[in-house]
Amino acid sequence: MPTATASDLALFQRTIREGIPDALPPARPLDPAVSHAPVRKDILTAAEKKLALRNALRYFHPKHHAVLAPEFAAELKAYGRIYMHRFRPEHPMQARPIDHYPAKSRQAAAIMLMVQNNLDPAVAQHPHELITYGGNGAVFQNWAQYRLVMRYLSEMTDEQTLVMYSGHPLGLFPSHADAPRVVVTNGMVIPNYSKPDDWERMNALGVSQYGQMTAGSYMYIGPQGIVHGTTITVLNAARMLGGGTRGRLFVTAGLGGMSGAQPKAGNIAGVVTLCAEVNPAAAHKRHQQGWVDEVIDDADRAIDTALAWRKKGEAHSIAYLGNVVDLWERLAARGVAVDLGSDQTSLHNPWAGGYYPAGLGLAESNALMVDDPAAFKQRVEESLRRQVKAINALAEKGMYFFDYGNAFLLESARAGADIAGTDGAEFRYPSYVEDIMGPLCFDHGFGPFRWVCTSGDPKDLATTDRIAGDVLEGMLYDAPEAVRQQIGDNLHWIRSAQENKLVVGSQARILYADSEGRIRIAEAFNAAIKQGAISAAVVLGRDHHDVSGTDSPYRETSNIRDGSRFTADMAVQNFVGDAFRGATWISLHNGGGVGWGEVINGGFGMVLDGSADSDRRLKAMLHWDVNNGIARRAWARNPNAVWSIQEEMKREPRLQVTLPHEADDGLLERTLG
């Protein structure tokens with residue numbers, strides 16, 4: 001973390017306390033050196049554009065309206081959104097040490113740190129449009145909201161709660177010390193108004209936003225957050241083929257945002273990764289960060305290079321700078337024996353920059369999606385059909401292909417691709433949750449536990465890595481066979497985390513752990529803070545891609561087979577339950593990695609400060625945050641979840657869960673004829 005000068009720190013603290021300035025700051029032109037969000041669809045009527053402008057101006061005193069009205073109207077016309085670029089702060093956007101934040105509440109200072117990290121240009125996909133990842137996963141809708149939120153957090157006491165309506169700070173409300181400091185909701189719309197165009201319209205009006213999973217929850221830690229999950233997925237996918245990962249070829253796509261984790265995870269897992277990316281800026285950014293080993297702009301040369309590394313039996317990652325369809329078609333035409341295949345393009349957002357069709361360059365695609373959305377959609381659907389055809393040809397020769405939770409199967413089916421399954425199966429290929437993450441991880445309570453050292457000191461992160469590794473080592477000693485592999489994989493991950501250089505932005509770490517592991521690790525962190533072995537507070541959190549937090553029928557809950565996978569009771573109960581068990585902040589979102597209207601997900605943040613109060617909170621909240629989901633999965637008759645919740649009831653006598661009884665198949669068939 002860069003050292004702040006006294007003048008930089010003073011400017012930062014003054015800007016935070018000021019909120020929306022009384023005097024207009026100078027206009028700020030678009031910075032061409034920064035990646036910017038694609039132009040959004042021109043979807044508003046003339047009356048709605050007037051309303052959007054009226055909505056934006058309500059943040060400012062009428063004395064400024066004559067200047068701001070034409071400026072905001074120009075933004076709406078040029079970008080399809082009003083971002084209020086004039087109000088983007090001058091101070092560097094990064095996670096600073098917690099002591100740098102002007103705050104009355106230590107918890108509020110930690111939340112400010114997490115907000116800053118989500119908007120750090122080294123972390124965020126389109127930082128000047130306040131978009132963290134996924135093409136549309138926003139922290140806020142505009143810079144006025146950012147300024148107001150930071151001012152409120154600087155003024156907040158431990159007896160107030162900040163209420164957030166889809167990026168808009170409704171205000172500080174009296175509460176109490178045990179209440180969350182911030183309650184966030186994103187995209188909570190009436191169900192009949194949850195189609196993609198509904199989001200486009202409401203977002204353009206400035207009344208709703210897409211928080212993704214951890215963007216609008218202030219819990220994104222860069223692509224490290226998904227590296228670990230991808231590593232586990234690739235390791236277990238290779239195990240399903242028999243043998244290890246040595247000499248395996250993994251083909252996928254996407255290097256922007258979270259998808260940029262794929263080549264890094266492939267290297268850690270020990271495979272050769274060939275990853276297509278159409279955006280040169282994204283590909284070269286990952287190369288500069290060391291997350292992909294080389295960039296090649298010729299499909300055949302990229303394939304030849306991958307095959308050479310496979311022959312050596314060494315891990316290596318290649319970014320093919322070109323369209324994913326071209327790569328798959330060349331692989332199929334050449335009859336290359338691909339071992340593992342997937343896709344991580346942002347197909348939850350297929351019509352607005354999440355997926356680029358074959359035959360068009362990046363600039364051509366960006367122009368077409370605005371000028372002729374129907375033609376752009378037609379090109380995307382044609383490309384998906386071609387991509388699936390090539391994938392099918394390779395799968396017939398033995399490739400194990402899996403959907404990696406980006407709505408690839410769903411959007412391919414909607415495009416008319418040959419993706420339908422047989423014998424009643426919806427799709428030809430499984431979701432990675434169905435085959436891997438669901439039964440092996442989520443049903444046993446293992447999910448993406450994460451933490452951030454608020455000191456910004458790498459020494460503190462190294463200490464937390466050592467503590468977490470020691471906890472897992474102790475657990476592995478007498479672990480039941482059902483979860484021994486999971487603990488072993490995670491122990492290897494944390495022991496090698498420092499050498500894998502995973503940190504981007506804040507001093508953060510992720511580790512898959514069950515409720516027992518999370519509680520033990522958090523208790524050890526809290527004790528270390530109290531003793532001074534860790535120099536400042538630690539923020540706990542998780543990806544929403546977890547055991548309990550997300551109801552997503554085509555991803556997190558795709559292995560729920562009792563007919564309830566389209567319900568969202570679990571995610572909502574999770575959000576509510578975390579609130580009164582001690583979370584520092586909580587969030588609930590419509591939309592995530594699979595798309596607006598396709599998922600409800602909830603998350604939390606918790607600040608550990610070394611106190612007895614933190615110890616009380618972490619035990620109550622982390623236990624619920626995991627076991628809520630295991631109990632639901634057990635009721636769905638998932639055998640691993642039934643075993644796990646029974647084990648948990650032995651450990652915690654106050655826990656009583658309704659367990660299912662199995663019905664005999666023969667009886668059902670005879671009864672129904």
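**Close-up 1. Arg81 over the face of Trp199.** In this predicted model, Arg81 lies 5.1 Å from the ring centre of Trp199.

**Close-up 2. The aromatic pair of Phe60 and Phe72.** The model holds 22 aromatic pairs. In one of them, Phe60 and Phe72 are tilted, with 50° between the planes. Their centres lie 5.8 Å apart. Phe60 sits in the loop between helix 2 (46-57) and helix 3 (65-79), and Phe72 sits in helix 3, so the pair ties together parts 12 residues apart in sequence. Phe60 is buried because its relative accessibility is 6%, under the 20% cut-off. Phe72 is buried too, at 0%.

**Close-up 3. The aromatic pair of Tyr554 and Phe566.** This pair is edge-to-face, with 75° between the planes. The rings are 6.1 Å apart, centre to centre. Both residues belong to the loop between strand 15 (550-551) and helix 19 (569-580), 12 residues apart. Tyr554 is buried, at 17% relative accessibility. Phe566 is exposed, with a relative accessible area of 56%.

**Close-up 4. A cluster of aromatic rings.** Ring pairs link Phe250, Tyr400, Phe402, Tyr404 and Tyr432.

**Close-up 5. Arg632 and its contacts.** Arg632 is part of helix 20, which spans residues 612-635. Its relative accessible area is 14%, so Arg632 counts as buried. Leaving aside residues up to four places away in sequence, Arg632 touches Asp551, Thr557, Ile560, Ser564, Arg565, Thr567 and Met570.

Note on methods:
Residues numbered from 1 in each chain as written. Predicted model: local features only at pLDDT ≥ 70, side-chain atom pairs only at ≥ 80, totals over all residues. Heavy atoms only, no water. Helix = DSSP H or I, 4+ residues; strand = E, 2+ residues; numbered from the N terminus. Buried < 20%, exposed > 50% of the residue type's maximum accessible area, 1.4 Å probe, protein only. Contact = heavy atoms within 4.5 Å. Phe/Tyr/Trp six-rings, centres within 6.5 Å; stacked < 30°, edge-to-face > 60°. Lys NZ or Arg CZ within 6 Å of the ring centre and 35° of its normal.
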